[in-house]
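Please look through the sequence and the model first, and then work through the questions below one at a time.

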Amino acid sequence: MRYVSLFIFSCILLSCKKEKAEPKVSNPPISQSGMLVLCEGLFQQNNTTLSWVNLEDGTVENQYFLNQNGRLLGDTGNDMVEYGDKVYIVVNVSSTIEVLDKQTLESIKQIDMKSNGVPKSPRKIKFHEGFGYITCFDGYVDVLDTNNLSIIARIKVGENPEDLTFANGKMYVSNSGGLNVPDVDSTVSVVNLSTNEELKKITVGPNPGGIVTDLEGEVYVISRGNYGSLPSRMVRLNSDLDEVEETFPFNASGITKMDENFLIRYTDFNALSSSINLFDPLTETIVQSDFIDMNQFTTLYGLYYDSKNEKVVGTDAMNYTNSGYLKVFSKLGVFEKSYHVGLNPNSIVFYE
Amino acid sequence: MLKYLLLFIVFIKFCLLGFSQDTIKQLPEVSIVPVLEQKLKTLVNTQLISSKQIDVLQPEDIGVLLQKTSGTSVKSYGGLGGLKTVSVKGLNSQHTAFVQDGFLLQNAQTGQLNLGQIMVDNISEISLNEGAKQSFLLPVSAYTKGSLISISSKFNQFENKNTSASNFTVGVGSFGQLNTYLSSKYERNQFLLSSYLKYRKAEGDYPFEVSNGSQTLSENRMNNDLKDRYGGVTVAYQFKNKAEIRSITNFKEIQQGLPGAVILYNNASNQRLNVNQVNTKLDFTHFYKKLYYRIHSTYSKDKLNYIDPSFLNNSGGINTTYTNDFFDVAVSLQRKIKKIDTYGGIESKYNTLSFSTINSAVPERLTNLALIGGKYKFKSWTLESQVSGQAIQESNKNGEKAKDVFKVNPFFSLQRESLKPMKLTINAWYRNSFRMPTFNELYYNNIGNYSLNPEETNQFSLGVSMFPLSKKNGLKLVVNSFYNEVKNQILALPTKNLFVWSMQNIGKVKNYGFESRIEFSRVFKKDWKFNLSTNYTQQNALDISNSESPTFENQVAYMPKHSANFDVNISYKEIGLSSSLMRISKRYSLNENIVTNEVSGFTTLDLGFYFNHKMADDSALKLHFMVKNVLDVPYNYIRYFVMPGRNFLMTLSYAIR
């Protein structure tokens, strides 16, 4: 009997060995063509990761940020954009902007995004003439000086601003008001970039989301409706008059620019199905429906266009709790290849 | 501090002398309860935790005790009063029924109880019961769930003598912890009055370490403070004709910070939770001719106020109150009919929930249950069978309502006992049960899905227990193997986007494994007592929802494959030493069993030293000193919900009879 307990006791002790992460050797600066993928992870799990997809040998490395920097990115990375020789990552719940050297992917600076100790909850970043503009869910757009990498101004806009674009010397910010469900916001803020002040608010429809500018300087914004009786629509704004020009009659939940055209995706959350159509913003018409075979996707999460290699890349978030995939298509929408990446891939930076 | 404490004890004692003087002094029941005898009561499908064990372990709450049982896994989000739930044999926490003093404890909003808010000071015994129930005249609900945890309170039962007793306990611990507990009982001429009051506070600002790649984050837990109060009064009367009436009223009031997960680079945390609960229970038990019957009723009101001042909406945060009301009335019966022990009952339960937010659902649920069961003994064989029926009607004053449900569920058990050469019991049972979707799952703002079906389970168990009968040693071995399946498991899935999740009946899980227990106790040289209790559970909880999914046959999130306990207690006369070791193996934070989802296994060791001094006047002084997590191991049950490192607790308790 005593031997039995001794045996159990020693088994328990033996199983106590510390599990230590093996130190990884960091990678040399990137010289191959490939895709850098921001994988958002899940809320409260601090598991935002960077995946590096090497297009030359087809390999994928899923902990690239950790390997280069010896630490984690944080919680819920929402956006990643390259500008100059740097890559900027917006980490929403950690409330930071991680600025990386584009070639080494080593962190140059981690910008703390808190205001009097309260997280600003940054969402998206876009760049214009040396400045980064960051939508923050606390109702502001922060202005980042890309020379000294510090926040130099906060512009008050609408509720829970989601995305932004530039046209005609002005900035257009989509105010989602998503945290006030069901009383969401329905405006786009127009901001004067020389004074950093809001000029006016344009009412576009409930829950504004993705927003882009076409080659003619017209602004297109998605009003996501209420996921029920009010449909999700694309709205065109005139950037001279700052007025709504047209609300398109088709379903749309996201816009991706592909050269002069738009890829318009739509996800039906009740049927859990998606579609991608090709839209021409000059003629303002859909030129090709069902541009991509959606059977390649379980859950279409992000859509990108690689202009150098002329590829369309969609991210698949699976069921949002299993690691995701990148699906690569030709410019004509023909499926080519799939890569297994991290959890909830949402943004891509292309390397030539 | 100590001086004041002693003064206070003297004061209490002085006050109590007033009414203890005139009672007929009697020696207390043999307080040296032979451990052997107590263990003999343990059966193959029941695990008992006695007040003596509770004393030795000095747990913060009932969750700590349930970790010590085998076949269970506790999920703890850390901190005093923090959320803790228990899963038995891989079934999630909503499949376990809780009964206290024969009354159902229930929360229809979440379908589970926060074990971190069930105090142990006034508990005399806890039993974890699977298979056939050992208890008597329970509400029907207690029989219809996957497993039952039954709690008996001290001072709520007649000892059938004129007596009065009081207990005062004060404890101080690390991270600003202070506990005070006061209870008293008065029994005379078939009349019983007892009451208790507990007050706790803690800062909870314990240091922790979290690894961040090759770096280590060392910080203190913030917004983890707690202040709570618990109290209750019991009044009971015994009639001359074997009948008894009892009324029990309890309240709790809790104010606490919700520290949330540790978020890298962001330590802002200011969410708060306030809980107010009152419940009152009434029962009448009568032994009439050959029939035992019990009529009982419970009413409880549970208010939960959640505040998140930093939520970025235009009203400047969230401040929502959820009010749960629960009322039940039931009759339980037991009678021997020829050779069959027959039992059964009927029960009506009413649950309602109201949200303080406008446009929210106002769900109501009426559940009617009936049960009949019988136990037949023939030589060494015992056959037991039950069948229960449940009719559940839902309504919602503000929107769509969930489906009504009618279900009939069976239970069978077969047991064989032999006494030579040792007491050997072999037991097999099968139970079919279900759990209703909770009010949150059905109606909560955007997340709820009113078309959910109940989650269904089939459980099979085969176990054996044996112990040689020896006067000197008590040795007991139990091995239980189990297999169960959960269909229509309710899981949250993000639908509209990552921020908006919705509930779906998409899960299917199979659990199998075994749990084993060895208990050994021995008294030697009269004054030395040695007690060992160890268990090991091996549990495969596999996701079998979809064979195409990358998680097919992967271990379900947060279910450890291996868990073990090793507890030793040695005492000599008035002093004792205890050691409690627990090991939980690696788990995964999501169903996908990949390295990035791994949550490391851990081992914790608690050591205790105690001194029990019995004074000449029958009062007793107890001093207990505990070091918890002696090895200062950083660990967590839930990823990034860090648990405290090494910490201390000193308790002084004074009992007067």
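Two residues are in contact if their C-beta atoms, placed from the backbone, lie within 7 Å. The model discussed here is predicted.

Q: Leaving aside neighbours within four places in sequence, with which residues is Leu263(A) in contact?
A: Leu263(A) is among the residues with the most contacts inside the largest nonpolar core, which has 99 residues. Once its neighbours within four places in sequence are left aside, the partners of Leu263(A) are Thr256(A), Met258(A), Ile276(A), Leu278(A), Phe291(A), Leu303(A), Tyr305(A) and Val312(A).

Q: Which residue in the turn between E23(A) and E24(A) has a positive phi?
A: Strand E23 (residues 261-268) and strand E24 (residues 273-280) of chain A run antiparallel and are joined by 7 bridges, with Thr267(A) standing opposite Ser274(A). These two strands form a hairpin with 4 residues between them, and the turn residue with a positive phi, of about 50°, is Leu272(A).

Q: What is the bridge partner of Phe279(A) in E25(A)?
A: E24(A) pairs in the antiparallel sense with strand E25 (residues 285-288) of chain A over 3 bridges. The two form a hairpin with 4 residues between them, where Glu284(A) in the turn has a positive phi of about 60°. Across this pairing, the partner of Phe279(A) is Ile286(A).

Q: In the open sheet with the order E3-E2-E1-E30 of chain A, which residue of E2(A) is the bridge partner of Leu38(A)?
A: The sheet has 4 strands in antiparallel pairing, and its edge strands are strand E3 (60-61) and strand E30 (345-351) of chain A. Strand E1 (residues 34-39) and strand E2 (residues 49-54) of chain A run antiparallel and are joined by 6 bridges. The partner of Leu38(A) in E2(A) is Leu50(A).

Q: Which element gives the largest share of the side of chain B that touches chain A?
A: The contact takes 44 residues from chain B and 44 residues from chain A, and by class the side of chain B has 22 nonpolar, 18 polar and 4 charged residues. Strand E25 (500-524) and strand E26 (528-543) of chain B are among the elements that give two or more residues to this side. The largest share, 5 residues, comes from E24(B).

Q: Is Pro59(B) buried or exposed?
A: Pro59(B) lies in the loop between helix H3 (51-57) and helix H4 (62-66) of chain B, and Val120(B) is one of its contacts beyond four places in sequence. A residue counts as buried if 20 or more other C-beta atoms lie within 10 Å of its own. Because Pro59(B) has 23 C-beta neighbours inside 10 Å, it counts as buried.

Methods
Residues numbered from 1 in each chain as written. Chains lettered and ligands numbered in written order. Predicted model: local features only at pLDDT ≥ 70, side-chain atom pairs only at ≥ 80, totals over all residues. Pairing = 2+ DSSP bridges. Core = buried A, V, L, I, M, F, W, Y, C linked by C-beta atoms within 7 Å. Buried ≥ 20, exposed ≤ 12 C-beta atoms within 10 Å, placed from the backbone. Nonpolar A, V, L, I, M, F, W, Y, C, P; charged D, E, K, R; others polar.
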